[in-house]
Amino acid sequence: MSLHRVNPAELSPPTGFSHAVTATGGRLVFLAGQTALDADGKVVDGTLAEQFRTALTNLLAALAAAGGTPADLARVTVYTTDVADYRAQAHELGRVWRQLAGRDYPAMAVIGVVRLWDEQARVELDGFAVLD
C-alpha cells in the first residue's frame, strides 16, 4: 500500500492538510465520527483544543483497532460548532495533531455545523484510511 501526498505548486501551500492524497493497493477503513467522549460515553468538558485532542485520540484508537496507524489516514473531515474558534486555535490544533498523528497530513476539510449529536461536543472528526 502506498499513500502519496500531492501539493501542486500552483496552489497555495497547504498548512495542516494535503491538497490531495493518492492511494494504491490495500484495504479501506472508514472511520465513524468521533467526538470528545470518554470511556463512559460522556463528553469531556474543555476548550475546543482539549476536545479536539480527545476526539483525535478516539479516531486514532478506532484506526488502531482496525490495524492502522496515523500514516494510513487518507482523508479526515473536521466538523466544528465554532469555525472562528477553530481558526483562532489553529496553531494549538496543529500541535495536537503533530503530537498524536505525526507530520503527515491527510486531505482534510473543516465544516461548520450548528450542533453535533452530543450537544456539549464542539468538534467531531471522521475519515478513512488505506491499509496494506
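**Note on the sheet and its aromatic pairs**

1. Strand β4 is largely enclosed by the rest of the structure, because six of its eight residues are buried. The model is a predicted one, and the cut-off behind this reasoning is that a residue is called buried when its relative accessible area is under 20%.

2. Strand β4, which covers residues 73–80, belongs to an open sheet of four strands, arranged in the order β3-β6-β4-β5 with mixed pairing. The edges of this sheet are formed by β3 (27–34) and β5 (107–112), each of which pairs on one side only, and from one strand to the next the twist averages 10°.

3. On the β5 side, V76 has M108 as its bridge partner and V78 has V110, while on the β6 side Y79 stands opposite E124.

4. Which strands does helix α1 touch where it packs on the sheet? The helix, made of residues 48–65, touches β3, β4 and β6 (123–131), and its direction makes about 30° with that of β6.

5. A search of the whole structure finds three aromatic pairs, and among them is the pair of F30 and F128, whose ring centres are 5.9 Å apart and whose planes stand at 40°, so the pair is described as tilted. Because F30 lies in strand β3 and F128 in strand β6, this pair ties together parts that are 98 residues apart in sequence. F30 is exposed, with a relative accessible area of 63%, whereas F128, at 27% relative accessibility, counts as partly exposed.

6. Another of the aromatic pairs is formed by F52 and Y86, with ring centres 6.4 Å apart and planes at 70°. Why is this pair called edge-to-face? The angle decides the matter, because planes over 60 degrees apart count as edge-to-face, and the planes of F52 and Y86 are at 70°. Since F52 lies in helix α1 and Y86 in helix α2 (residues 83–88), the pair ties together parts that are 34 residues apart in sequence.

Note on methods
Residues numbered from 1 in each chain as written. Predicted model: local features only at pLDDT ≥ 70, side-chain atom pairs only at ≥ 80, totals over all residues. Heavy atoms only, no water. Pairing = 2+ DSSP bridges. Helix = DSSP H or I, 4+ residues; strand = E, 2+ residues; numbered from the N terminus. Axes fitted to C-alpha atoms, helices over the stretch in contact; angles between N-to-C directions. Contact = heavy atoms within 4.5 Å. Phe/Tyr/Trp six-rings, centres within 6.5 Å; stacked < 30°, edge-to-face > 60°. Buried < 20%, exposed > 50% of the residue type's maximum accessible area, 1.4 Å probe, protein only.
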